[in-house]
Amino acid sequence: MIRKLPLLRLWSWTLFLFLYAPIAMLIAFSFNDSKSQSVWKGFTLSWYPAALQNELVRAAVGRSLIAATITTLVAGLIGTLAGLALARRFPGRRATTGLLYLPILIPEVVLGVALLTFFAALNWQLSATTVILSHIAFSTSYVAIVVRARLEGFDRSLEEAARDLGAAPAAVFWRVKFPLILPGIVAGALLAFTVSLDDYVITSFVSQQFQTLPVYIYSQVKRGVTPEINAVSTLLLVLTIAAVIIAQWLTGSGFSKGRST
């Protein structure tokens, strides 16, 4: 068993290299002082100001932020209510939970086709509205799952103690329950924001003139990858990683310990 550990360690590093080497190359060539993607000619930061000064990039970023912000607010509200409901026992709870996991489990292509068919049946023109509604449809599940997981460790005796002291149901929720589940709500909302901001597959089905940043990047890649596209992709990657790290910290003990001290 001990002899096999070096091979296991080697396999693990090989797997990580296979997964993250392309990302590292993308970041590295966003600083390349050349439009070539195969020859390194020197270090430069010029592609980042060029990307930020590009009107098409700024417009795509603005549309992505609008869609992600609205999605976060609506999915955060609906997902929180769904998570609170699923934390209680009621008839059909398992079936409801299964339906909640469905948007996450099914392939994005299938979900994109289903949403496109749904909007076509309603005779809705593809626009910002269809993009935002689609993002809400699959982002709500992330919020609900995180909030429900947060409620799994909730001490019900705190609610009972508050009621015994004469607190009204609304006061029990806002002063006892809500502060304890707030990290889960914020973490779920951040995940919804990240998923909405990064989504390409579903957005490509339900958007027409409303071109988000991932859709814009893919349209430019068809013409050839440039350091400017690498710079935009790197900025999107950094924003995504930051949101995921904050979400993980909130779902852990860091935020709760910080509030309790």
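Two residues are said to be in contact when heavy atoms of each lie within 4.5 Å. By this criterion, and leaving aside neighbours within four places in sequence, Ser 196 is in contact with Ala 67, Ala 68, Thr 71, His 135 and Ser 139. The model is a predicted one, in which local features need pLDDT of at least 70 and side-chain atom pairs count only at pLDDT 80 or more, whereas totals for chains, interfaces and linings use all residues. Residues are numbered from 1 along each chain as its sequence is written, and side-chain values use heavy atoms, with hydrogens and water left out.

Ser 196 is found in helix α8, where helices are DSSP runs (H or I, at least four residues) numbered from the N terminus. Ser 196 counts as buried because its relative accessibility is 3%; buried means under 20% relative accessible area, computed with a 1.4 Å probe on protein chains only.

Ser 196 also takes part in the meeting of two helices. The axes of helix α3 (residues 55-86) and helix α8 (residues 169-198) come within 8 Å and cross at roughly 140°. This angle makes α3 oblique to α8. Axes here are lines fitted to C-alpha atoms, for helices over the stretch in contact, and angles run from 0 to 180 degrees between N-to-C directions. Angles under 35 degrees count as roughly parallel, over 145 as roughly antiparallel, 65 to 115 as roughly perpendicular, and the rest as oblique. The contact includes Ser 64, Ala 67, Ala 68 and Thr 71 of α3, and Phe 173, Ile 181, Ile 185 and Ser 196 of α8.

Helix α8 also meets helix α7 (residues 156-164): their axes come within 10 Å and cross at roughly 160°. The two are therefore roughly antiparallel to each other. Arg 156, Leu 158, Glu 159, Ala 162 and Arg 163 in α7 meet Val 172, Val 176, Lys 177 and Leu 180 in α8.

Attention may now turn to helix α6 (residues 128-152), which has 25 residues and reaches 36 Å from its first C-alpha to its last. This is close to the 36 Å expected at 1.5 Å a residue, the expected span being 1.5 Å times one less than the number of residues.

Finally, Thr 97 lies in helix α4 (residues 93-105). Thr 97 counts as buried, at 11% relative accessibility. Not counting residues up to four places away in sequence, Thr 97 touches Leu 86 and Arg 148.

Technical notes:
Buried means under 20% relative accessible area, exposed over 50%, partly exposed in between (1.4 Å probe, protein chains only).
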